[in-house]
Amino acid sequence: MQESLATPAPSAPSRSFISIQDPSSTTDQVLSSGPQLSKPSVPPPVKSRGPNSGAGAHRLRRIIAEDAEWSLAIVPLLTELCIQNIVKNFPNNPILTQLLPEHQQKVLNDLSPDLPLAVTANLIHDESYWRRCCMHRWPVCHVDSHGGSWKCMFFERHLENLLKHFIPGTTDPAVILDLLPLCRNYVHRLRVDQFLPPVHLPPTPRSEDQSDSGSEGETEEPTRDHYQLNDLVAGLSQLEELDLVYRVKDCGMNFEWNLFLFTYRDCHSLAATIKACHTLKIFRLTRSKVDDDKARILIRSLLDHPALEELDLSHNLIGDRGVRAAAKLLSHSRLRVLNLANNQVRAPGAQSLAHALAHNTSLLSLNLRLNCIEDEGGQALAHALQTNKCLTTLHLGGNELSEPTATLLSLVLSVNTTLTSINLSCNHIGLDGGKQLLEGMSDNRTLLEFDLRLSEVAQESEYLIGQALCANRETARQRGLNASHFMSPLTAQGPENPSR
Amino acid sequence: MNPPGSLGDLEELEGEHLSASILRPSVHSDNPQERIQARRLRIAARLEARRREALGDYLDGKKESEEDQSKSYKQKEESRLKLAKLLLCGTELVTNIQVAADIRETRRRVEEEEIKRQRLEKLENEVKTSQDKFDEISAKWEEGKQKIIPQELWEMLNTQQVHCAGLIEDKNKLINELQQELKTKDDQYVKDLKKQSDNICLLLDRMEEQVKNVMKTFRQELHHIEKAFEVERQELLTSNKKKWERALQAHNTKELEYLMNRIKKVEDYEKQLNKQRIWDCEEYSLIKIKLEQDVQVLEQQLQQMKATYLLNQEKLEYNYQVLKKRDEESTVIKSQQKRKINRLHDILNNLRSKYAKQVKQFQEENQSLTSDYKHLVMQFKEVQKAMRHFALADDEKFQEIWLMNEEEVKDLIKRGFDVDRIIHTHHLGLPWTAPDFWFLKNVGPLSQQQQKSASQILEELLMQTEEEGAEETASDPASYLDLPKQISAKTTRKILMLLCDESGFLIESKLLSLLLPLEKSECYLLRLDAIFSALGIESEDDLYKLVNFFLKYRAHHHSPSSQERMSLTPALEPAEQPDFEGREEESLVEREPEEKEAPASPRLIHPNAVLKILEAFVMGLKKPRDSRPPVKLRKEVRDNSKDSEYWQALATVIPPATQNLWDALYTALEKYHLILTQRAKLLVENNALEQQNTELQLLLKQYLASKINSELQVPPTEVLRIPVKSKQT
């Protein structure tokens with residue numbers, strides 16, 4: 001305690017007399033300051049003398065006589081002053097860990113959110129401080145999407161911001177790399193939804209168009225590569241999620257196709273990056289014009305990845321060859337979620353996926369929305385589902401499927417006990433297909449969601465399928481209740497503790 | 001892109017979605033409250049339907065139980081279902097936009113593909129036609145080069161220009177078309193963008209609305225649930241309070257009752273107690289009087305008992321004294337007896353030791369004696385062995401000596417006989433016959449003829465009969481004569497063959513299998529051998545007894561008159577009556593010719609009867625065997641009674657008459673000898689004279705032949721010639 005007080009003394013010479021005068025009394029005071037603040041009647045006269053000793057004892061007494069309103073609470077405590085001082089000098093002399101917990105809390109409450117990160121990053125772990133920082137910087141904060149940690153959120157969003165506005169060739173890469181030692185332990189996920197291409201100062205008179213965006217160039221230079229993530233990702237030891245979109249936002253009238261170019265060099269470097277990152281669990285690369293060759297390059301680097309669980313390549317240009325590579329990945333990894341929505345997958349690709357799926361035991365969710373696998377691919381997938389015992393979610397919306405697939409799927413429904421959600425919306429199932437699906441549903445007790453909207457199914461069968469789903473949902477709820485009854489002491493306490 | 005279509009889709013979708021509910025218009029109304037209400041109603045209706053369907057049969061049973069369950073639970077369930085429904089419907093409503101966009105997109109893609117295909121086709125066609133045109137134009141250039149007249153050339157150039165312009169125009173048209181298309185597409189793109197932003201706005205609206213609705217309904221449901229809980233609590237409280245009051249009242253009344261009862265009972269008991277007390281007092285006094293009387297009587301009895309006690313004490317003291325004395329006496333006697341016992345013990349021990357010593361001594365003696373005895377036995381055995389050895393040696397030596405002597409004697413006899421024969425033949429001119437004596441043929445020491453074993457006889461017999469066939473002559477009786485029986489060999493053989501055939505059961509099966517490869521005769525022999533060993537026939541006699549038995553049996557058959565008698569007697573004791581047998585033999589001898597006449601006679605013995613005969617025979621044979629002395633001394637004492645006779649006979653082999661003859665001959669021969677010797681002398685003299693004569697003749701010749709004679713006037717030769725010549729003639 002004495003050391004903690006002694007250390008600020010030299011930094012604030014103007015207040016040094018306090019500690020010189022009566023260290024014993026001040027220590028007492030500091031020790032009992034917390035509780036005594038609430039009951040002002042208790043303070044002994046010795047204490048009152050402490051802060052005002054510079055003014056003189058008789059003067060103190062005089063004040064009491066004159067001012068009935070006076071109370072000790074108004075007088076700032078030494079600890080308060082110290083804390084204020086610490087806060088004021090925090091960037092130069094950060095003192096936090098040596099303080100008592102309650103004082104630490106006070107210091108943290110008073111610290112400004114604008115402090116340089118180099119000081120605060122590895123020193124402050126308090127969530128409330130980082131919460132303030134976040135709230136100060138961004139109006140909307142979803143801490144849930146960052147693992148519930150404000151500090152993580154702060155660093156992740158900070159880094160994302162930097163990356164978003166990084167212009168290769170113009171911005172100094174040290175800006176990002178300097179941050180690396182500060183944030184390496186707190187960045188778990190990176191969601192970058194734009195990568196700016198290098199700026200080439202345009203000699204053309206178009207320059208006035210560029211003024212509002214100011215960040216993107218549009219000349220036909222051979223090098224359109226974006227920021228290379230190698231060094232950054234290699235430095236982030238905790239990185240689990242990587243969500244990238246190679247595009248430019250808000251380009252307005254400066255639009256050019258070149259802005260949305262995911263080059264081969266980008267692709268190769270990204271492949272090397274994700275291959276080297278062994279902690280990566282989720283990898284998303286959406287809306288980036290990834291074609292077959294690029295997809296193959298990426299997926300090849302992901303083969304036998306130790307941790308990867310989710311792969312999202314939706315809204316790209318992947319065709320059958322890329323999907324075949326993805327199918328191979330299914331058998332060479334522990335992938336749990338595969339999202340290939342809005343690509344150019346056709347029947348052969350779906351067949352190769354089905355082949356891999358037939359004996360896969362890890363994949364839980366498969367999304368093939370807005371492709372064109374047609375009946376051939378749909379039938380192959382349905383055959384695969386007859387042997388698969390793992391997949392729970394399947395999205396086949398907008399795939400030009402029709403009655404044959406529905407027939408096979410109805411068979412799958414009566415056999416499979418793992419599927420909980422199927423989406424067949426926006427297909428041409430037809431009236432008969434709907435009836436067959438209804439038959440299949442009548443034997444199924446596990447399916448909870450079955451989307452048949454806009455698939456030309458009769459309303460009656462859709463309604464009846466809905467009823468069956470309701471019943472299934474009810475039984476699933478009952479099952480869950482029963483299960484939780486059996487393990488009630490654990491589960492009952494589990495959710496309560498974090499809430500308090 | 002087809003914005004109107006997409007809008008229609010969306011509406012259609014919503015219509016479809018909402019058509020499930022009956023209160024469709026109200027859902028679409030602008031007032032959110034009303035919409036919520038409508039949805040709630042719809043949800044309730046669905047819920048009801050679902051519940052009816054799900055519960056089905058259990059409905060009745062469950063209804064009661066549900067009624068039992070608290071209102072709050074029901075409320076909770078209801079709200080839960082309602083909220084789930086709301087959430088589901090809300091999400092559906094929100095995602096409807098996405099789904100609509102999806103289908104729009106898919107449709108657009110399909111259309112786009114179609115248009116793209118058409119466009120490509122169109123372009124290809126265009127390329128083809130323009131190429132044709134171009135070819136035409138370029139062909140015309142060639143044509144133009146040949147033109148010389150400037151007008152024509154100019155005309156042609158003009159036409160070429162027109163053609164080119166047409167081609168370019170076509171191209172331009174196409175380009176314009178495409179640009180037009182691009183423009184429309186651009187417009188459409190802008191429209192689509194707008195549409196999408198509209199959609200997003202709608203989505204946002206719906207989401208917001210959904211959130212609001214959900215929050216509101218959640219709050220409402222929470223409120224409902226709370227209310228329900230409160231109501232339930234209140235109800236519970238009131239009901240419990242009522243119950244409590246009722247219970248209290250009941251308790252009070254009951255307590256009062258108990259109190260009254262208790263007071264009554266107390267009074268009753270007091271009365272009873274009083275009664276009991278009085279009664280007890282009376283009884284007590286009565287008993288007291290009675291007991292006092294008893295006490296008096298008992299005291300009297302006590303006095304009496306005391307008197308008798310004293311008396312008894314006196315008596316017992318006296319007895320005690322007496323017993324003490326006796327005890328002393330008995331102790332004295334006891335000590336004496338003890339001493340005696342000790343003494344006797346000593347004696348007994350002495351005797352025991354002595355006995356043990358003696359036993360030891362005798363055992364030692366016994367041991368030495370037994371060892372002696374063993375020793376002696378060994379010695380005796382050795383002696384016996386030696387004796388046997390010597391006996392054997394003696395026998396051998398005796399035999400050798402006998403043989404030697406016999407040889408010597410035989411030699412002598414032979415010489416004698418030779419001499420005799422020479423004398424008879426040469427000197428007397430009589431025919432000489434060699435004497436024939438039995439002993440001459442004897443070789444070796446005299447002994448009883450050894451009995452042949454049955455098998456040997458069999459062998460002989462069989463061999464003989466075989467030879468017989470070859471010889472054809474009647475069986476040689478001489479060879480068979482050493483057997484005393486007169487039964488023909490043939491008959492015997494036949495009988496034996498029969499026996500052999502019929503009694504195969506006596507032979508061991510192993511032997512039979514061994515016999516198979518052998519010759520017939522050998523086979524018979526071995527089989528018979530086996531049968532005989534089984535029947536116990538050992539010697540020649542037994543065999544002949546058997547054969548005789550068979551013959552007898554047959555005889556009885558032939559003479560049925562005597563059959564019974566005969567069949568009985570041999571069955572009883574066939575071997576014990578030699579006389580009878582003798583007679584039988586005689587009769588058999590007589591019958592022999594008959595047998596020969598009928599060679600098939602043995603066949604008359606029926607094969608079936610063979611067994612009976614054998615049985616009878618064996619029964620008979622057993623008895624003499626049993627009576628025979630069990631162990632014969634192997635070594636018989638040699639019968640030497642005939643030896644001297646034998647030797648005597650050998651000595652007197654040449655009879656005395658012959659000897660006399662020899663004497664007379666001897667004298668005559670001596671005389672003859674004398675004469676012969678004289679003649680020999682004379683012959684010698686004669687020879688000598690002759691020799692002298694020859695010598696002298698030689699000398700004379702010599703003289704006559706000499707030269708001197710010739711020289712002489714008168715040769716002497718002439719003188720002498722005449723004599724010499726005469727002499728020579």
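The structure is a predicted model, in which local features need pLDDT of at least 70 and side-chain atom pairs count only at pLDDT 80 or more, while totals for chains, interfaces and linings use all residues. Residues are numbered from 1 along each chain as its sequence is written, chains are lettered from A and ligands numbered from 1 in the order in which they are written, and side-chain values use heavy atoms, with hydrogens and water left out.

## Salt bridges

Side chains of opposite charge can pair when their charged atoms come close. A salt bridge here is a side-chain nitrogen of Lys or Arg within 4 Å of a carboxyl oxygen of Asp or Glu, and over all chains the structure holds 30 of them. A:Arg284 takes part in one such pair with A:Asp243, a residue that counts as buried because its relative accessibility is 15%. Four of these pairs are set out below.

| Pair | Closest N to O distance |
|---|---|
| A:Asp243 and A:Arg284 | 3.7 Å |
| B:Lys133 and B:Asp170 | 2.4 Å |
| B:Arg80 and A:Glu474 | 2.9 Å |

The salt bridge between A:Asp243 and A:Arg284 links distant parts of the chain, since A:Asp243 is in strand β2 (residues 241–244) of chain A and A:Arg284 is in strand β3 (residues 282–285) of chain A, 41 residues apart. Helices (H or I, at least four residues) and strands (E, at least two) are DSSP runs, numbered from the N terminus. Both residues also belong to a network of salt bridges that links A:Glu156, A:Arg189, A:Arg191, A:Glu241, A:Asp243, A:Arg284, A:Glu310 and A:Asp312. In another pair of chain A, A:Asp451 and A:Arg453 are both buried.

In chain B, B:Lys133 forms a salt bridge with B:Asp170, and this pair too links distant parts of the chain, with B:Lys133 in helix α5 and B:Asp170 in helix α6 (residues 150–428), 37 residues apart. B:Lys133 counts as partly exposed because its relative accessibility is 36%, and B:Asp170 counts as partly exposed because its value is 25%.

## Two helices of chain A

Helix α16 (residues 320–331) of chain A has 12 residues and reaches 17 Å from its first C-alpha to its last, close to the expected 16 Å, where the expected span is 1.5 Å times one less than the number of residues. Its buried residues are A:Asp320, A:Gly322, A:Val323, A:Ala325, A:Ala326, A:Ala327, A:Leu329 and A:Leu330. What covers them includes α15 (292–302), β4 (310–312), β5 (337–339) and α17 (347–358) of chain A.

Helix α17 of chain A likewise has 12 residues, and its reach of 16 Å is close to the 16 Å expected. Because 9 of its 12 residues are buried, α17 is largely enclosed by the rest of the structure. Among the buried residues are A:Ala347, A:Gly349 and A:Ser352, and the cover over the buried residues of α17 includes α16, β5, β6 (365–367) and α18 (374–387) of chain A.

Chain B has 20 helices and 0 strands, and of its 729 residues 22% count as buried. The contact between the chains, with contact meaning heavy atoms within 4.5 Å, takes 25 residues from chain B and 19 residues from chain A. The area buried between them is about 2000 Å², of which carbon and sulfur atoms give 51%; buried area is the accessible area (1.4 Å probe) that two parts lose on being put together, summed over both.

Between chain B and chain A there are 4 salt bridges, and B:Arg80 forms a salt bridge with A:Glu474. The elements that give two or more residues to the side of chain B that touches chain A are α1 (3–19), α3 (32–55) and α5 (71–146) of chain B. The largest share of that side, 18 residues, comes from α5 of chain B. By class, the side of chain B that touches chain A has 8 nonpolar, 5 polar and 12 charged residues, where Ala, Val, Leu, Ile, Met, Phe, Trp, Tyr, Cys and Pro count as nonpolar, Asp, Glu, Lys and Arg as charged, and the others, Gly among them, as polar.

Methods. Buried < 20%, exposed > 50% of the residue type's maximum accessible area, 1.4 Å probe, protein only.
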